[in-house]
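The paragraphs below then walk through it step by step.

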Amino acid sequence: MDFRHQTLASGGLAGLTCDALLLVVPGDAVDPTLEQPLSTLLSDAVTQGDLQLKAGKVLYVHRPAGLRAQRVVFAAAGATTAKAFRAAIVAGLAALKTGGAKHVAVGWAGDLALDGAHAEALATAAAETAYLYRHTKPSAPPAPPFQKFTLLVRKADAKAAQEGLKRGQAIAAGVGLARECANRPANHATPTYLAEQAKKLAKDHGLKVEVLDRKDVEKLGMGAFLAVAQGSDEPLRFIVARYDGAAKGVAPVVLVGKGITFDTGGISLKPGAEMDEMKFDMGGAASVLGTLRAIGELKPKVNLVALIPACENMPSGRAIKPGDVVTSMSGQTVEILNTDAEGRLILCDALTYAERYKPAAVVDIATLTGACVIALGHHHSGLFTADDGLADELLAASRAGLDPAWRMPLDEEYDDSLKSNFADIPNIGGRPGGAITAARFLSRFTAKYPWAHLDVAGTAWKSGAAKGATGRPVPLLTHFVLSRAR
Ligand code: BES
Ligand code: MN
Ligand code: ZN
């Protein structure tokens with residue numbers, strides 16, 4: 001898909017060459033500057049009750065008289081924010097996606113300012129609407145017809161729009177990669193497949209990649225990661241990728257993604273219902289790959305390291321058992337009371353590995369706990385950090401990327417449930433505050449650098465009829481890394 005922007009002289013909409021005109025109506029009244037015949041068309045539809053000017057409402061008009069465009073869609077936004085603009089575009093494109101419009105021009109229904117965030121929102125919304133999983137479903141319906149989008153802007157906003165479109169396209173490509181990786185079933189998206197994806201990214205975007213196998217991981221002493229992987233016949237991978245956009249000495253940002261390509265629970269086996277969704281348990285890893293892709297395209301002046309421990313969590317004759325004690329790379333021993341709390345086991349060794357970079361900040365991203373889904377549902381990702389500055393940065397990135405996150409507590413009092421008679425730490429607390437005790441477990445391995453943890457168990461994928469990966473939190477992570485560039 002191609003995205004560009006265009007400034008229009010007044011009266012320019014009627015003569016505009018495009019297949020469809022998607023006009024976003026910001027408030028509950030028709031803007032007096034909207035040109036004819038669009039102005040009459042819109043106000044008539046509103047007075048006659050065919051379009052309510054409430055967020056989410058859409059009116060489709062075929063072959064409108066007096067316009068060059070073959071179709072007009074009015075999409076009510078209810079507000080002028082980028083978030084409202086994005087939601088209106090998603091609704092408007094839904095009305096067009098089974099039609100024949102290849103070139104869609106998008107703008108406000110009136111003379112309104114538009115900034116980079118609005119432009120970014122167009123690119124990400126269009127890509128989201130156009131995405132269709134088909135790798136293992138040849139019978140998937142044809143893709144929407146969209147090939148080209150033109151954002152209609154005022155002259156003063158042209159530069160911001162151009163930058164926003166560029167950023168939005170990079171983020172959309174990253175989100176698309178993350179969705180595609182996570183949607184692929186676990187017999188396709190193996191640890192080896194994730195490593196191949198990282199290598200391909202490196203080739204296309206000039207990144208450096210190193211893939212460690214079991215022998216390397218043994219040498220490093222990653223006893224916790226090895227313990228999870230030992231139950232599976234599928235070989236583990238530890239993926240190390242770096243993007244060097246700043247000078248050599250500049251401390252990097254490190255992203256660590258949970259790459260459990262399938263989580264059966266292990267000997268602490270999960271119930272059967274919805275177990276298929278545990279193919280998405282590498283959503284954190286997928287989002288790290290997606291962010292690498294976006295950053296590799298935008299090339300900001302920042303150093304970035306991506307670490308992905310990847311393996312399956314399976315029950316078998318070689319699998320870990322409840323009560324087993326393993327020694328993590330940090331030297332701390334861990335009592336595995338529940339083999340289904342495997343994410344923190346693979347992450348803790350990756351977090352210790354991260355120390356070698358003397359990082360400016362480390363953020364891990366993981367579909368870590370069902371408890372986080374209970375706490376926050378499917379809208380906000382859970383953000384855990386003891387560092388207020390880092391929390392503010394990540395929340396700002398979340399707002400900028402329209403990718404909601406909510407800060408959760410991380411007080412040390414929660415450590416009361418992390419006591420073991422047989423090891424330095426058990427791998428589970430109790431049921432209460434399960435997302436927090438999981439984060440507290442991880443914090444034991446992060447003393448050497450500023451650290452934050454994102455629990456995306458509720459946001460990395462959707463269940464039900466629209467089952468599929470979301471590509472979150474690629475927008476948040478990309479904005480965070482961009483904000484760290486000098
Ligand atoms: N991958 C799951 C977390 C998860 C569960 C994500 C449901 C999305 C939906 C994780 O490995 C897990 O199994 N966590 C356990 C931890 C428990 C044993 C302390 C959980 O949340 O039940
Ligand atoms: Mn699990
Ligand atoms: Zn898991």
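This is a predicted model: local features need pLDDT of at least 70, side-chain atom pairs count only at pLDDT 80 or more; totals for chains, interfaces and linings use all residues.

Residues are numbered from 1 along each chain as its sequence is written, chains are lettered from A and ligands numbered from 1 in the order in which they are written, and side-chain values use heavy atoms, with hydrogens and water left out.

The chain has 13 helices and 20 strands, where helices (H or I, at least four residues) and strands (E, at least two) are DSSP runs numbered from the N terminus. A compact globule of 486 residues would have a radius of gyration near 23 Å, and the chain agrees with this because its own value is 24 Å; the radius is taken over C-alpha atoms, and the globule rule is 2.2 Å times the number of residues to the power 0.38. Along the principal axes, the C-alpha atoms fill a box of roughly 80 × 50 × 40 Å. Of the 486 residues, 57% are buried, a word that here means under 20% relative accessible area, with exposed meaning over 50% and partly exposed in between (1.4 Å probe, protein chains only).

The domain assignment, which is automatic or from a database, gives domain 1 (2-154) and domain 2 (173-483). Their C-alpha centres lie 38 Å apart, and 10 residues of domain 1 are in contact with 11 residues of domain 2, contact meaning heavy atoms within 4.5 Å.

The loop between helix 8 (283-298) and strand 11 (303-313) holds Pro-300, and Lys-299 lies in this loop as well. Pro-300 counts as buried because its relative accessible area is 10%, and, leaving aside neighbours within four places in sequence, Pro-300 is in contact with Tyr-243, Gly-245, Ile-295, Leu-482 and Ala-485. Lys-299, by contrast, is partly exposed at 48% relative accessibility, and has a positive phi of about 50 degrees although it is not a glycine.

A positive phi, near 45 degrees, is also found at Lys-358, which lies in the loop between helix 9 (343-353) and strand 14 (361-366) and is exposed, with a relative accessible area of 67%.

Finally, two peptide bonds deserve a look. Another cis bond, with omega of about 0 degrees, joins Arg-472 and Pro-473, the latter in the loop between strand 20 (468-469) and helix 13 (474-483).
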